[in-house]
Structure formats: structure tokens, C-alpha cells
Amino acid sequence: MSDSHHLDLLRQMLRIRRFEERCAQLYQAEKIRGFLHLYIGEEGVAVGVIGSLLPDDAVVATYREHGHALARGMDPGAVMAEMYGKMEGCSRGRGGSMHLFDASRRFYGGNAIVGGGLPLAVGLALADRLRDQPRVTAVFFGEGAVAEGEFHESMNLAALWNLPVLFCCENNLYAMGTALERSESQTRLTLKAASYEMPAWEVDGMDVLAVEDAARKAIESVRSGGGPHFLEMRTFRFRAHSMFDPELYRSKEEVEVWKERDPIELFTRRLITDGGLTEDDLATMESDVAEEIEAAVAFAEAGTWEPVEELTRFVYSEVVPS
Amino acid sequence: MTSLATPTRTITYREAMRESMSDAMRNDPRVFLMGEDVGRYGGCYAVSKGMLEEFGPDRVRDTPLSEAAFVGAGIGAALAGLRPIVEVMTVNFSLLALDQIVNTAALYSHMSGGQFNVPIVIRMTTGAGRQLGAQHSHSLEVWYAHVPGLKVVTPATVEDARWMLPTALEDPDPVIIFEHAALYNSEGDLPEQGAPVDLDRAVVRRPGPDVGLITYGGSLPKTLAAATELAEEGISAQVLDLRSLRPLDTEAILTTAASTHRIVIVDEGWKTAGISAEIAASIAEGAIWELDAPIRRVCSVEVPIPYARHMEDAALPQTAGIVAAARELVGR
């Protein structure tokens, strides 16, 4: 694998990290309101998986999806403007942080019902199957979704019909404040997939190369008719669940231990040790990323408010597709 | 609808629906049918009987008992450009798919700023009257009619059973078709040369100036029977078939109120927060000065629908109750 590819992986993770750090500041400044769920600590998962997809594949994400949107190539300005509630936002300001959409990139949200995106992903894949299109649908969900009926129904249906779905479980150990062992009788999540006869692998979600390697293998198999696959990415969110979460359910020590496995720091160190990255390269990358994010903030600031007269637009479609 | 010059044939509601689906599938390769027992079993109410043989298992797709997953899969397939007809066996089981219908299908267009649309058709049986007990006798159409982003239609005639579906399939947004189980065996005359019908206008099924009877779906035959009885007493009742609960044809409702001055609303749903309440409120807002008498509602008694025949009959709107309400309003 080329050095430039590795640098790109690092850059993608760094963009997400810095973007979200800026979001947190903007939340304090009351530019962003409502719920804001930060992905900080989990960047390796979105970057490793989504970078392995083709442009015509589909992505279905959760309400913690800033990272997925950026990794999918969505314009940071449009994403930031969405958080501001501006009309130039990727969902016209209708969605907010939890409902980022981009039809041109087959990015189907931004689904804020835990488990709610899985049946949708099965349907996208069913359409590909019925039309013989060799496309993959990657659906992301947390380990909390595994307790939902929609998870099991979707896993069964995808396996039963041999559909091209990549189930990406981001196991960050806490469903809001509920630890995995407090919500699942069986905490080995790959066993759930195994019960549906679905290939399932446990992956170190803090190692972007491990994620990428697993994702590539799984995607290749899914695309070539191997049926749905399940990846459990072991990861951790370093920040609170949302901006309203006092984090009473986990210790600071636990968070600190995981921070030692920060996917960006781990990968940076590795690239420096291997000689693929210098401190100067890193500084340049940081400065490029900072510039991109400030441009996104400026775009959002300069954005406009949708006229209230348009409130009822798009409840029903305006254009009848052929 | 039928003129003397138009040749017609007699057909059941069930056959009309089947013909409609088969025709749509022959005309458009994007259309497929999916649901519990739609294939080998031929449909719980035999609506899709024979379709598996014609279209094969990919397009007449049996699903597991997974309402959330297969309705959601229909939504996903619709998002991807197909035209799924998803059959949910009954409205009772649709509650297991409520999340997908309300949180996904209804919201994706608006929430995405108009980037996505969900051209799905969801069909389901509704209603009581066949001693199936409380868990198989709900009339919850109004739950769906409450939600912006959905369209809710209630074909009550063989013509609507035959010709609403193609319009629904052309619609870029989610359409839910409620088929009252008591209607499947009903027969009617269908013009040989039919055409797709609109999904948003109420139709006067029987004209009359003395009292307006507003209803839809499975209550239409009972209401028409009531109008016949009333006519024998010299009361000429107008029967308005809503056909669609969302959008609700408020204009037609107000026109009926203004032309009859006395309104009885007949709905198999419960009265509290039901569609009858919405209709009454619309009249209060738009035509209250036209009324010569209070609005009357003939709805299901506010109990779970019981099994025993006499108790079930007592719980549901019946022709006698409709006649009595109309009679009271005209002072007979």
C-alpha cells in the first residue's frame, strides 16, 4: 500500500476530528443547537470502511454520522451549514446534525432511530439484487442497536435473501449510558451474526488499517455474491454521548485508557516510525485541515435562512420522477 | 360512474385488486409484491392468488414474519427507484412496522430537504365484523392519516379497488391502501374501459338534500343501506364516500354540510381522536353556520372489539344506528 494512501487515511481521520472539535466549540457558542453527537475516537471506523466503498455503493448511517458524511466525500461546508440550520446545508437545514443526507453520494442519512436504518439498507440491497447491480450497501449502527428487533429482522432477511449488505457494528461499549454487559445476555456480537449464517469478524476499530483490511475483504465478498457480512468494530467514543451527557456511567480512568489507543495518534506514530510521515508533513496536513474547516465555518456563517414560507415544501415530492 | 353505453362486467373487490396488481406488474418491471404469504399461500385474503405462478418468486416475494424489516426493505427499494407493493397482512400487524412507516417513509423527503422520495405502496386489511377478536379487528387508519408525508386511501368500491393502485404506484410518495376485510367478497360492475382514478377527492355515492352521511371504506355499504332505508321513510340522504383520509377532501365535506345542513359521520374507528373528530372539526371551522342540527357520529363503541357475535355487532356501527341518527337530525 502506498504512502500517499496512508497519508490520505490520516488526513481523513484528522478532518473528522478537527471538524468535530470545531463543532463542539460552535455548540458552546450556540451556533449549533439541538443534539450534537460527536464521533471523536471512532474516526478509524468510518474512514476505513467508507474509503473502501465505490462511489455507486450506498451508505446508511446513524445519528452520530458527521464522520461518515465527511468520509463519504460530502462537502464540509454543506455539513456545517446543516448544523447551523442554514438553507445551504446538505439537508436544507431541515435535518440538523442527526439527519445529514446526500443523494448524489448515495448517503441515505442520518437515521436517528436506533436500528431504524437497517431495514432500509436491506431494501437498498434488495433493489440492487433485483436489478443485478453489483453494488454494496454499508449500514452503520452501534452495539445498542443489537438489542432492537429491527436488527434481528434485518439480519435474517438479508441473510435469507443473500443480499449485498455490509453490516457495520460500531461497538463503542455504551448505548448512551448503558454498558453492553448491562444490555445483552450474549456480549459476543459476532455470535448474533453467526446465528444468521452470516460471516462475521471482530475488528480493532482503533486501527484504521485493520478496519480497512477487514472492510475490503468483506466488501469484495459481498459484491461478488457472498451475501451479507457483519463487522464488529471495537471502538470508543472519547466524548460524552451528546452535549447534555454528564457521563455518570463510566469512569474517567476508562476513558483515559482508551485514549491511549486514539486511532489518529496510533496511526500518526506508526507513519512517523515507518518514515512515511515527518513532523513537517503533519504540520502541513494540520494546517490544510484547519483551513478547510474554517472555510466550512465561513460558508455556514454566510449561509441564509430558508424563508418560512417554504416550511411545507417537500412534505410531498415536488417533482414526479419518471 | 357507469353510463348505459359503457359495457361493464361484474367483479369482486378481491378480483379487482388482484387484476390491478397483476396489470401493474405486467406494465412496469419496477413493480413487485412483497409480504407475508403473498406467494405460495396466495395471500391471506387470497388477493394475490395465482400471481406467483405468473410473476415468479422474485416479484411475488414471500417474507418472514418481520413487518419492520420487510416494510423497511420496501422503503429502501423504493428509495432506490423500484415500485414495491408491500402487503401487510392486517393493520393490526402494521403496528410492528410503525417505526418504518412513520419515522422513515413519511419523513425522508422533508427531512432531507427534498432529496429523497419514497414511492412505496403499502396495502393492508383493516376492520372488524368477522368475529376475529380484539387483536385482529382494529380500524387504525387514522393513526396513519395523522402523519404528514403519508397518503392514506380507502377504496370502498370495485372501481376504486381496481383503479386506485395504478395512481398510487405513479405517486412519488408513500401511499397506504386500506382494504376493509368485509369488502373482499363484495361485487360490483366495472366498466370494461377503466382508467386510473385520483387519490384525493371524495365522491358523492348517493345524492340527497335532507341529511349528509359522511363515511369511507368498510362502512360505505352499511351507510348506503341506511340511505335506502331512510328513502323508504321519505328522507333523502346524501352519502359522501371520502375515499382518502389524507389528504382529506375538506371542500367536499363542506359542500355536503352546506347542501344538507345535517351531518352524520360514520366511522368504524373509535370516536375519540378519530377521523370523525377531524371531519366534525373541519365542519365546525368551515361550515358551522350552515348546520341546522348538531353533528352526530356513529362510531365503534370505545371497547376492544369482542369475539361473541352479538357483542361485536353491538360494538360496531350498524345500519340501524345510522338510520336512527339521521332520523333524529331531521326530527322524525
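Which residues have the most contacts inside the largest nonpolar core? They are A:V122, B:L213, B:V264 and B:A326. The core itself has 190 residues. Keep those names in mind. I'll come back to them.

One caution before we go on. This is a predicted model.

Let me start with chain A. Chain A has 11 helices and eight strands. Its C-alpha trace spans about 55 × 50 × 45 Å along the principal axes. How does the radius of gyration of chain A sit against that of a compact globule? For 322 residues, such a globule would be near 20 Å, and chain A has 19 Å, so the two agree. Of those 322 residues, 51% are buried. Now the contacts in chain A with a separation of 6 or more. Residues 24 or more positions apart account for 75% of them.

Next, one helix of chain A. Take α8(A), residues 208-226. Which of its residues are buried? A:V208, A:V211, A:E212, A:A214, A:A215, A:A218, A:I219 and A:V222. Note that A:E212 is on that list. Look down the helix axis. The buried residues fall within an arc of 165°, so they line one face of α8(A). On the other side, A:S224 and A:G225 are exposed.

What does the buried face pack against? Helices first: α1 (3-28), α2 (43-50) and α10 (263-274) of chain A. Then strands: β4 (165-171), β7 (200-204) and β8 (229-234), again of chain A. Just after the helix comes A:G227, with a positive phi of about 80°.

On to chain B. The secondary structure here comes to 13 helices and 14 strands. The radius of gyration of chain B is 20 Å, close to the 20 Å from the globule rule for 332 residues, so chain B is as compact as a globular protein of that length. The C-alpha trace of chain B spans about 60 × 45 × 40 Å along its principal axes. Buried residues come to 57% of the 332 in chain B. Again, take contacts with a separation of 6 or more. In chain B, 79% of them are between residues 24 or more positions apart.

Chain B is divided in two. Domain 1 covers 8-191, and domain 2 covers 203-329. How far apart are their C-alpha centres? The answer is 26 Å. The domains do touch: 23 residues of domain 1 of chain B are in contact with 22 residues of domain 2 of chain B. On the domain 1 side, the elements giving two or more residues are α7 (141-145), β6 (151-153) and β7 (175-180) of chain B. By class, that side has 11 nonpolar, nine polar and three charged residues.

Now a helix of chain B. Helix α10(B) runs over residues 250-260. Its buried residues are B:I253, B:T256, B:A257 and B:T260. They cover an arc of only 100° around the axis, which puts them on the same side of α10(B). What covers them? The cover includes strands β10 (211-215), β11 (237-241) and β13 (263-270), and helix α11 (275-287), of chain B. Just after α10(B), B:H261 takes a positive phi of about 65°.

Then there is the contact between the chains. Chain A gives 34 residues, and chain B gives 34 residues. On the chain A side, two elements give two or more residues: α5 (117-130) and α6 (149-160) of chain A. Which of them gives the most? That is α5(A), with nine residues. The chain A side has 19 nonpolar, nine polar and six charged residues.

Back to the core, as promised. Its 190 residues include A:V122 from chain A and B:L213 from chain B. Which helix gives the most to this core? It is α3 (residues 67-79) of chain B, with nine residues. The core also draws at least three residues from each of domain 1 and domain 2 of chain B.

Last stop, B:V264. Set aside its neighbours within four places in sequence. What is B:V264 in contact with then? B:V211, B:L213, B:R296, B:V298, B:I322, B:A325, B:A326 and B:L329. Among these, B:L213 and B:A326 were in our opening answer, alongside B:V264 itself.

Conventions:
Residues numbered from 1 in each chain as written. Chains lettered and ligands numbered in written order. Predicted model: local features only at pLDDT ≥ 70, side-chain atom pairs only at ≥ 80, totals over all residues. Contact = placed C-beta atoms within 7 Å. Helix = DSSP H or I, 4+ residues; strand = E, 2+ residues; numbered from the N terminus. Nonpolar A, V, L, I, M, F, W, Y, C, P; charged D, E, K, R; others polar. Domains from an automatic or database assignment. Buried ≥ 20, exposed ≤ 12 C-beta atoms within 10 Å, placed from the backbone. Arc of directions from axis to C-beta. Rg over C-alpha atoms; globule rule 2.2 N^0.38 Å. Core = buried A, V, L, I, M, F, W, Y, C linked by C-beta atoms within 7 Å.
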